[in-house]
Amino acid sequence: MSAIQSQSRAYEAQIIKRVCEGEREAFYELVRPYERMVYATAISIVKNPADAEEVAQEAVLKAFSKLSTFRGESKFSTWLVQITYNEAKMKLRKTHANLYESIDDSQQAEDGEFWPKDYADWRPIPSELLEENEIRQAVQDAISSLSANYREVLILRDVQRLSIKETTTILGISEGSVKTRLHRARLLLRDSLAPGIDGCWIKGQPYRKVRPW
Amino acid sequence: MPTIEISCVEVWREISNYLDQDISVQLRERMEKHFGACAHCTAVLDGTRNVVGLVGDGTLFQMPQGFNKRLYDKIRELPPNVPRE
């Protein structure tokens, strides 16, 4: 653990102590840096903004009610994301939306080689492109179209930038499964985004493909 | 499908680990030789790297307007003390 990380853990431990001693307002200070993380985790599972907000709120309230059980064995953020993940899964079970997930999952086997569908030669994509709503939407839609197994790992590793170990803790799967699912998720996403918007990610430039052997 | 140092299929299998720098030095060198000569695998690598960049941008998921306030309001409704378990 770096010096900055241990400082931040110590700071969080102090806030947790204050909250547990009755300073409820300090709880918002504790949760605030992770709001986006909680929301992104929720929406990656329940897939719609209204349900995601409800799940995020329920997760935060649950974290408060369970705070005295937090032992600091993991980072507070990992613990909070794990609670969010469980709340989101519960929400899905209640709405039966996971019925469709399970069908989808069976169509995307994890074993076996992955063959790219397309060999589009992407130019570097400036991140400012995400400021364009249609591109942000295209990326969100592509993530939504992944089956739950792949989507969850992608969100935790590449969106939330959690470590492999943190991801294994939250999802309760092995390190090997995290790596395999992440690999597959990235390649599936690349396949679905490769053609870009209107055939090209950068407006005004022709879409070029490296085409088959 | 060319076999340059290693096959394309082996390269695809390791592309994600390559981006995460989670492979041996020897394998990295072999993959880099392959990328130097195979436009298809370079295209797959660049695309995958772009995907990782796009989804990790930090602004991808925008929280709904007023999210923070509504969350804060919920927290204010909590009892003052954390329940003891």
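In which loop of chain A is A:K47 found? A:K47 lies in the loop that joins α3 and α4 of chain A. The views below come from a predicted model, in which local features need pLDDT of at least 70, side-chain atom pairs count only at pLDDT 80 or more, and totals for chains, interfaces and linings use all residues. Residues are numbered from 1 along each chain as its sequence is written, while chains are lettered from A and ligands numbered from 1 in the order in which they are written.

**View 1. Backbone at A:K47.** The phi of A:K47 is positive, near 70°, in a residue other than glycine. Most residues other than glycine have a negative phi. A:K47 is partly exposed, because 18 other C-beta atoms lie within 10 Å (buried means 20 or more such atoms, exposed 12 or fewer, and partly exposed in between, with C-beta atoms placed from the backbone).

**View 2. Backbone at B:Q21.** B:Q21, also not a glycine, has a positive phi of about 55°. B:Q21 is placed in the loop between α1 (8-19) and α2 (25-37) of chain B. With 7 other C-beta atoms within 10 Å, B:Q21 is exposed.

**View 3. The two domains of chain A.** Chain A comprises domain 1 (3-95) and domain 2 (103-199), with bounds from an automatic or database domain assignment. Contact joins 11 residues of domain 1 to 11 residues of domain 2, two residues being in contact if their C-beta atoms, placed from the backbone, lie within 7 Å. On the domain 1 side, α3 (35-46) and α5 (76-95) of chain A each give two or more residues; helices are DSSP runs of H or I with at least four residues, numbered from the N terminus. The largest share of that side, five residues, is from α3(A). Its residues divide into five nonpolar, five polar and one charged (nonpolar: Ala, Val, Leu, Ile, Met, Phe, Trp, Tyr, Cys and Pro; charged: Asp, Glu, Lys and Arg; polar: the others, Gly among them).

**View 4. Contact of chain A with chain B.** Chain A contributes 50 residues and chain B 39 residues. The elements giving two or more residues on the chain A side include α1 (3-20), α7 (133-144) and α10 (175-193). The most, eight residues, come from α10(A). The chain A side divides into 30 nonpolar, eight polar and 12 charged residues.

**View 5. Helix α10(A).** Of the 19 residues of α10(A), 14 are buried, and the helix is mostly covered.
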